[in-house]
Amino acid sequence: MRNRECRLTTRLSIEAAAGTIDAAGRQHLDSCQLCGEALLVGDAMRQLASITAKESPMPPADVIWVRSRLLDRKKLAADAARPIAFFEKLAYGVISAGWVAFLILQWPLIQTWLTGIQIDLAEGFRTSHSLPLSFFWTFAALSVITAVVMLHRVEEGARG
């Protein structure tokens with residue numbers, strides 16, 4: 001284990017601060033690592049102590065306070081938005097399940113309607129089957145719900 005104490009450290013630090021180190025002290029500083037490190041730290045501390053408020057890299061206290069308040073508010077807003085984000089995801093899941101169920105349940109009607117389409121150059125477009133009105137109402141309701149949820153998300157994104 002190394003000796004981390006030197007009896008001359010304090011005296012040499014005081015002399016270095018006053019600028020009165022003699023030749024014997026300089027010779028000791030060249031040979032003693034502990035005193036040399038103490039002198040470097042002392043110089044650095046004196047330089048820090050001499051920095052005026054105008055030279056200080058720290059912003060004023062009121063700026064730090066305002067920034068901390070803004071960060072607190074931002075965190076509170078993020079915490080408050082967490083349940084909204086959860087319910088948005090839940091809404092997307094319910095809407096997706098609604099579309100899947102609608103298409104699965106209505107697929108036989110859609111397939112029948114598609115196979116009944118006839119295109120004739122002379123008579124044009126005809127179909128031998130029609131889709132029930134409930135198909136169109138369900139399709140319209142799912143479309144409106146999807147659009148409302150998507151527009152809500154776009155509006156929230158534009159707001160910030």
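The largest nonpolar core has eight residues in all: Leu8, Leu12, Ile21, Leu29, Cys32, Leu34, Cys35 and Leu39. Helix α3 gives the most to this core, with three residues. By nonpolar core I mean a set of buried Ala, Val, Leu, Ile, Met, Phe, Trp, Tyr and Cys residues joined through side-chain atoms within 4.5 Å. Buried is under 20% relative accessible area, exposed is over 50%, and partly exposed is in between, with a 1.4 Å probe and protein chains only. Helices here are DSSP runs of H or I, at least four residues, numbered from the N terminus.

This is a predicted model, where local features need pLDDT of at least 70 and side-chain atom pairs count only at pLDDT 80 or more, while totals for chains, interfaces and linings use all residues. Residues are numbered from 1 along each chain as its sequence is written, and side-chain values use heavy atoms, with hydrogens and water left out.

Leaving aside residues up to four places away in sequence, Leu29 touches Leu12, Ile21, Cys35, Gly36 and Leu39, contact being heavy atoms within 4.5 Å.

Now the cysteines. A disulfide is a pair of cysteine sulfur atoms within 2.5 Å, and by this rule the count is zero. Which cysteine sulfur is nearest to that of Cys6? That of Cys35, 3.5 Å away, which is too far for a bond. Cys35 is buried, at 3% relative accessible area, whereas Cys6 is partly exposed, at 21%.

Last, Met45. This residue lies in helix α3, residues 33-50, and is exposed, with a relative accessible area of 53%.

Technical notes
Helix = DSSP H or I, 4+ residues; strand = E, 2+ residues; numbered from the N terminus.
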